[in-house]
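Have a look at the model below, and keep it open as you read. We will go through it together, one region at a time.

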Amino acid sequence: MPDDPILQLRQVSKRYPGTLAVDRVDLTVRRGEVHAVMGENGAGKSTLMKILAGSFADYTGIIEVDGRAARISSPAQAKTHGIEMIYQELSLAGPLSVAENVLAGRLPRRGFFLDRRTMVAEGRRYLEQVGLDTHPMQPVEMLSQHEAQLVEIAKALSNDPAVLVMDEPTSALSRAEVKRLFAIIARLKQRGVTIIYISHHLSEVYQIADRITVMRDGRKIATVIPADVDPPTLVEMMIGRPATQAQIERKREPGRKRFRVRNFTRAGFFHDIRFFVRAGEILGIGGLAGAGRTELARGLSGVDPVDSGDMIFDGKYVDPASMRACMRQGIAYLTEDRKRQGLALRLSALTNTANAVHAKRGHLLARRQRKELFSCQAAQLQLHPAQPQRQAAQFSGGNQQKVLLGKWLATAPEVLILDEPTRGVDVGAKKVIHEKVVQLADQGKCVLLISSDLPELAALADRVMIMRKGRFTREMSKVELSENAILLAANADREANPHD
Amino acid sequence: MTDARGDRTANERPEVLWLRRLLGGVGIYIVVLLMLFVGTLVSPDFLTSENLLNIVRPVTLLGIVAVGVMFITHGGHYVDLSIPAIMALSGMVAVSTLGLGIVGSVVCGLGAGLLVGLTNGLLIGYLRLNPIIWTLAMNFMLDGLLRWSTGGNQVYPDYTTGAGDAFVNLSRCEMAGVPGITLLLVVLAAVAHLLARRTCFGDQLQLTGSAYDVAATSGVSVRRVILLSFLISSFTTALAGILLASLSKQGTFTNGQGYDFNAVTAVVIGGVALTGGVGTVLGVVGGVLLIGLLGNIMTLAGWGSFDQMIAKGVLFVIVVGGMAYAARRGGRDDE
């Protein structure tokens, strides 16, 4: 067993204003291994990889490449040390050809002009390495997502890297494409390329990783060999505790079925969605990013069109073709994208609070009513500072979220669709919002809670539906609802049960 | 706010706010007063009632256009560059249909303008075409159409008919010494103010202009709101076009030239943000007055019309540049 470190990190840290994103991490990567890095969102794994790729000049600590200390403060320096990174979002220029993308920055030239023939030959050579047989002069925008990703890999390989970092490379791939990607990874490994593989997916990691490093809250928790740990243990390492967090006390049991959705379909986004929510029930919707949860929420609230399906609330059909009609029947949709879709940042908190009410009613409230509306929401959500004329942009993230929640609560909704209601919010605001959500349920309202925050789902939801690739794949009752179970359900995908 | 400076998210810095304060809302009238003072220095005859009317008269039609265009700017769609063509079209249509009587002719003129506004609004609101490019193309097409359909000739009202006589007098009537078109501007401005401030449409327009995505996910029919803003703009523009034809006693395709740029200048000087969502009717009227004052003072000081064009262009660049600078320094919350 070669224990020959190609990368050695000692006490590496990176501070963002306000937070220590990477906290004194020691990490050893062996030559020729596939090393997986796992952790929840915000655990610091992407930041750590960006340090390796030269995105930050202000990290602290020591990085050794091939046993020699190296200062990596720019992407160019990372490349000279043989480190290449493939980012989550593809960084290809669509209108340019495959070869131009692969060879970007060092296109072969003959005199003043581009040397087209060499370009095609060179391009083809790298494409063969990733098993892609498109013509090198084809524009990248004509390729599929999967092919584009292979081009991205070819581009990284053309610099002849010693270490290849892949950040969530399978997030947009189908099952068959993932298989092909793994075959390529295996081939690269044979050629001696070291691969650092960032992933959420337990099954993938068990399939390809030689070793796994788990990170949490900016720190490295441990580096383990897959055979030594079972998935639940690994999840526990990622989350930091085995049990669920304290429940907020509920005052009443869910009642009759109040909100039903049948055969809800928008081709390509979600299919055959069927569920009900009882009066006073919080239905959680879990799943990974890209599973179609936000699209479903937008369909249910009338923002986006749907192809087919019924929504019935209190025995009456709701027309999903009109957002206004949905709002009038009591549906409110709190968007996940506070800054772009939630609040008009340049307008005052007062105006933002009144916006949805005005749209719902179709006429303006009197000035005095508007003020009352604002102070009522500001008081119950503990908005700070409770100044009606303050620009929305000037509130902190948590208080912006309170303004956003207040905007929808002001419409007196009966069905609340909350999409990541506490994303990017501080602990204090999170507590206020959680308590408010439970209070609303206790009043008999129906709540749909979409969240990637597993402890949040476990603490608030009465039931959780797991969504994957546009479908509900599993339902869990309160009893089986440990946060670990949710993560496992969302992960246990792609036929193979990894551990057997 | 005592903690505004310390607050990380407090993004308006005091040193860049002065310009916006000066230009927004009532601040413009301080500048107007200042210019009145400058005027008295330039000429002793400046503050006569005769000259004050001279200041207002040439910019009244501009005011009527600007009050409508403001709705487009407010909704985040910059400006209607087909203003000159709409004015020329409505004027020519009104003159050509004088046979229907004065009321019929005005209705036809307005209808023609509204038709253009409807087309603009549908294509920009519903198909999301770029407003600058589309209205520029619209202007070009209409201009060609007008020249082609008249063979490049003007049309004149026939004074011998009652309708022709009434048409010419439309822009010349007075009430108690005040020109009727000035009173019309005051009425339109008042209506526009109420529309922008006191109606659901005004509220939704502001939201659409400030944050399109937010409006779309808050139950606002953004497309309809945008369509309406183009309809309003084309209505006041057509009105101005008819009055201009009446004033010049002819309908011609050159009527309305320059109104596009002057209208944007008035709107911008009046403190309406080109990015949408910010601004008042009162400010726009102030902007129009300021343009009138500047023109009057420059004329009294003996500047030619070419010099005045240059001066207005420079003023526009300074104001727009200053506002863009203020916005950037203020920083959008881009975290």
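This is a predicted model: local features need pLDDT of at least 70, side-chain atom pairs count only at pLDDT 80 or more; totals for chains, interfaces and linings use all residues.

Now turn to the strands of chain A. Here 4 strands form an open sheet in the order S14-S13-S16-S17, and their pairing is antiparallel. Which strands stand at the edges? They are S14(A), residues 270–278, and S17(A), residues 316–317; each has a single partner strand, so one side of each is left without a neighbour in the sheet. Strands of a sheet pair through backbone hydrogen bonds, either parallel or antiparallel. To see one pairing in detail, follow S13(A), residues 257–266, which 6 bridges join to S14(A) in an antiparallel run. Within this pair of strands, Arg266(A) stands opposite Phe270(A) of S14(A).

Chain B has its own make-up: 14 helices and 2 strands. Of its 335 residues, 45% count as buried. Looking at contacts in chain B between residues at least 6 apart in sequence, you will find that 77% join residues at least 24 apart.

How do the chains meet? The contact takes 27 residues from chain A and 20 residues from chain B. On the side of chain A that touches chain B, helices H10 (323–328), H11 (338–342) and H12 (349–361) of chain A each supply at least two residues. Which of the elements gives the most to this side of chain A? That is H12(A), with 5 residues. Sorted by class, the side of chain A that touches chain B has 13 nonpolar, 9 polar and 5 charged residues.

In soluble globular proteins, nonpolar side chains tend to be buried together. The largest nonpolar core here has 163 residues, and Ile417(A), Leu449(A) and Ala66(B) touch the most other members. Helix H11 of chain B, residues 222–248, contributes the largest share of this core, with 15 residues. A second, separate core holds 67 residues, including Ala99(A), Ala148(A), Ala156(A) and Ala209(A). Leaving aside residues up to four places away in sequence, Leu449(A) touches Ile282(A), Leu283(A), Gly284(A), Ile285(A), Leu418(A), Leu457(A), Leu460(A) and Ala461(A).

Conventions. Residues are numbered from 1 along each chain as its sequence is written. Chains are lettered from A and ligands numbered from 1 in the order in which they are written. A nonpolar core is a set of buried Ala, Val, Leu, Ile, Met, Phe, Trp, Tyr and Cys residues joined through C-beta atoms within 7 Å. A residue is buried if 20 or more other C-beta atoms lie within 10 Å of its own, exposed if 12 or fewer, and partly exposed in between; C-beta atoms are placed from the backbone. Two residues are in contact if their C-beta atoms, placed from the backbone, lie within 7 Å. Ala, Val, Leu, Ile, Met, Phe, Trp, Tyr, Cys and Pro count as nonpolar, Asp, Glu, Lys and Arg as charged, and the others, Gly among them, as polar. Two strands pair if DSSP finds at least two bridges between them.
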